[in-house]
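This report is intended to be read beside the sequence and the three-dimensional structure. Please keep both in view while reading.

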Amino acid sequence: MKTSDDYLALDKQLLWHPYTSMSHPSPHYLVESAAGCSITLSDGRTLIDGMSSWWSVVHGYNHPDMNQAIQTQLTQFSHVMFGGFTHKPAIELAEKLIAMTPNMLQRVFFSDSGSVSVEVALKMAIQYWNTQGKPTKQFFVSPKSGYHGDTFAAMSVCDPDNGMHSLFSHALIQQLFVSPPPAGFNEPINTDYLDEIRTVFEQHHDSIAGFIIEPVVQNAGGMRFYNPEYLNQLRVLCDEFDVLLIFDEIATGFGRTGKPFATDHTTICPDILCLGKALTGGYMTLAATLTNDKVALGISHDGGVFMHGPTFMGNPLACAAANASLTLLDGYDIPEKITQLETWMKNALMPCQQLEQVKDVRCLGGIGVVELKKPVDLQTIQPKFVDLGVWVRPFGKLIYLMPPYIISQEHIQLLGKAIYQVVSEEAI
Ligand SMILES: *Cc1c(COP(=O)(O)O)cnc(C)c1O
């Protein structure tokens, strides 16, 4: 029988992990089980989860309702092709998504992952302008510090400096970039920023299909919060210059910012909306691209069809998980629950503000961020968190929490204490 060490040795030899080296892999921990907000390792240690497994496991692990929904679907059928067939889990999920997102969004395309839902969004925009007799509109504008995924078109609209542009410069589509929206959820609007976008639109609108942005919070590109009013103004500019507005809510969707969607902090509606991550409560991989009738019927004008169709489109197990997750979400009062989480995180993280190593502490909804002055070394910092019994995975200068919504105040306090201790030991 293989021991845990045997498994870890095989892992090191055989498996890629996200953004890792094959010759100098960072440490990985063998997980035995997980329940609620606790992850148990093969050596018996238990970690409090501050990450929701990349922001997806909002109801915690091993939730009985989630497990039951997937098991029930399993006894019906686990998959059928979506070409020529349809099924209740997908139809019910589409109905729910349409009901909970802004009114104008009426049509749903399911795919397997967030990155693919972004590819789908970009293709929708290009195909739309094609049928409108504007085939030159094939490029996208996005703000710097954005993150939209790791596939090629998604990479092309990620931050051009922090992202992977330099590695793939000849292979990537050359998109247009503007500055990131000025930081601060409550900061007043700086009209210079809108002028910058206007100038890009004025010069290039003939080639611009859409503007893609993470509404209210730029996530993996820097955990930056900004004033939602920029998005209201952006909508006006997009309409003036015939540019489709695409919101990537893969990270912010399903309550993370304290409203059901980050879009709910605005008074407008995007033309296309990408959802993923927490869509299935983190139980299965699934993403969705929603759009309005203008785009959907525009693409279909004159016999046109939308040219995308993944093998596992609308996977019934994943849709069943998503339906169960949305039912659970429905049972929470999101604003109340997430505001409470925000307060707990503020209290737990604010002491870090006193530390010499820290540049800024900020919280919005279920997101708590401690921004350091210098980048951390993941290889050395990760084991320190594990030794303290918490699962926190920083990147760059950012140590942050995006815990499951069901987490207790006590666990948030323990996470905050661990972050304080680890940060206080960082070099100044
Ligand atoms: C995670 C993320 C993606 C990519 O989703 P994957 O499922 O990892 O492909 C895209 N956009 C945003 C905003 C994300 O946070």
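## Confidence in the model

The structure is a predicted model. The mean pLDDT of the protein chain is 97, and 100% of its residues reach 70 or more.

Among the elements of the chain, strand β10 (residues 244–248) has the highest mean pLDDT, 99. The lowest mean, 96, belongs to helix α12.

## Helix α12 and its buried face

Helix α12 spans residues 378–387, and its buried residues are I381, Q382, F385 and V386. Viewed down the axis of α12, these buried residues fall within an arc of 140°, so they line one face of the helix.

Several elements take part in covering the buried residues of α12. Among them are the strands β2 (38–41), β3 (46–49), β15 (390–391) and β16 (398–401), together with helix α13 (409–424). Just after α12, G389 takes a positive phi of about 80°.

## L364, a buried residue in a strand

L364 is found in strand β13, which covers residues 358–364. Is L364 buried or exposed? L364 counts as buried because its relative accessible area is 8%, and the cut-off for burial is under 20%.

Leaving out residues up to four places away in sequence, L364 touches F185, V216, V217, F225, R256, T257 and E342. L364 and A278 are 86 residues apart in sequence, and their C-alpha atoms are 17 Å apart in space.

## D11, a buried acidic residue

D11 is found in helix α1 (residues 4–14). Although D11 is buried, it has no salt bridge. Which side chain of opposite charge is nearest to D11? That side chain belongs to K12, and it is 8.6 Å away.

When neighbours within four places in sequence are left aside, D11 is in contact with H17 and H28.

## D192, an exposed residue in a helix

D192 lies in helix α7, which runs over residues 191–204. D192 counts as exposed because its relative accessibility is 54%, and the cut-off for exposure is over 50%.

D192 and G282 are 90 residues apart in sequence. In space, the distance between them is 39 Å, C-alpha to C-alpha.

Methods: Residues are numbered from 1 along each chain as its sequence is written. Side-chain values use heavy atoms; hydrogens and water are left out. Buried means under 20% relative accessible area, exposed over 50%, partly exposed in between (1.4 Å probe, protein chains only). Helices (H or I, at least four residues) and strands (E, at least two) are DSSP runs, numbered from the N terminus. The arc is that of the directions from the helix axis to the C-beta atoms. Contact means heavy atoms within 4.5 Å. pLDDT is the predictor's confidence in each residue, from 0 to 100. Lys and Arg count as positive and Asp and Glu as negative; His and the chain ends are not counted. A salt bridge is a side-chain nitrogen of Lys or Arg within 4 Å of a carboxyl oxygen of Asp or Glu.
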